[in-house]
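Biologist: I would like to learn how to read the sheet and ring features of a model, with the cut-offs stated along the way.

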Amino acid sequence: MVLIAPSLLAADFARLGEALRLIEQAGASMVHVDVMDGHFVPDISVGQPVVKSLRKATDLALDVHLLIERPERYIQEFVKVGADRLAIHAEATVNLHRALGMIRTEGAEVGLALNPCTAVESVAAALPEIDFLLILSADLGFANSPFLPRTLNKIQAACALRSEMRLEYAIQVEGDISQDQIEGLEAAGADILVTSFDIFQKDHSTRLA
C-alpha cells in the first residue's frame, strides 16, 4: 500500500503550526521538508532554524530532503535539530559514501535522492547503505516543472535492483504528483509519495505515511 508523506512546501509558511495540526489530524506519521539552497536548485526554502522549530512543535517524523550542494557540511546540524529521515542528492557531492555514512552515524534514517535524469543503476553501489531511495518525478526548485511519465520506468528499475540485490530500501517519489497518478505509481512499485493535495485540499481518501 502506497503511503503519502505530506509536503510542508505547499503550506502557508505564515501558518506552519496550523499546517502541522492539519497533517496530524489527517492521521499522517511524517511530514516532508524540502531544504533548498539557491545553488543546487534555484529556489531557497527553509533551513536549520525552521526544522528546529518544527521539531519543537510536533511529534511527527521529520522527513528532510536536502537539495543543497555538498550536503555533508550540514548533515550533523540537520539531524541535531530534529531530522528523523534525511535524504541527500547523489549529484550534490563527490563524497557520497562518506555522506551517507554520516547520516547513519548521526542516527537518522538514510535517504538517497536522485534527480530525474540520474539513472538508478548509476548509484547501485550505494544502495546497500540506504533506508530509502527518493526518486524525483519533476525538477524540484524550478517553477512549473511537470510530472515526468518516465518516472514509472525508474521506479520499476529501482524495484528490480532491490530484488536483485536482496535489499529492503523503501522507494519514495516526489514531484508534481496528482491524485490521478497515484494508482500508476503504486503499480510501478512506489512505497511512499510526497505530495500535499491530500491534506491542504481536504481530500483524505489516500493512505498517509
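Biologist: Which residue in E3 is the bridge partner of valine 31?

Modeller: This is a predicted model, in which local features need pLDDT of at least 70 and side-chain atom pairs count only at pLDDT 80 or more, while totals for chains, interfaces and linings use all residues. Residues are numbered from 1 along each chain as its sequence is written, and side-chain values use heavy atoms, with hydrogens and water left out. Strands of a sheet pair through backbone hydrogen bonds, either parallel or antiparallel. Here the partner of valine 31 in E3 is leucine 62, and E2 and strand E3 (residues 61-67) run parallel, joined by 7 bridges. Two strands pair if DSSP finds at least two bridges between them; helices (H or I, at least four residues) and strands (E, at least two) are DSSP runs, numbered from the N terminus.

Biologist: In what order do the strands of the open sheet lie?

Modeller: The 8 strands follow the order E1-E8-E7-E6-E5-E4-E3-E2, with parallel pairing. Strand E1 (3-6) and strand E2 (30-36) each have a single partner strand, so one side of each is left without a neighbour in the sheet.

Biologist: Which strands does helix H2 touch?

Modeller: Contact means heavy atoms within 4.5 Å, and by this criterion H2 (residues 48-57) packs on the sheet against E2 and E3, its direction making about 170° with that of E3. Axes are lines fitted to C-alpha atoms, for helices over the stretch in contact, with angles from 0 to 180 degrees between N-to-C directions.

Biologist: Which ring does arginine 85 lie over?

Modeller: A charge sits over a ring if NZ of Lys or CZ of Arg is within 6 Å of the ring centre and within 35 degrees of the ring normal. Arginine 85 lies over the face of phenylalanine 132, at 3.9 Å from the ring centre.
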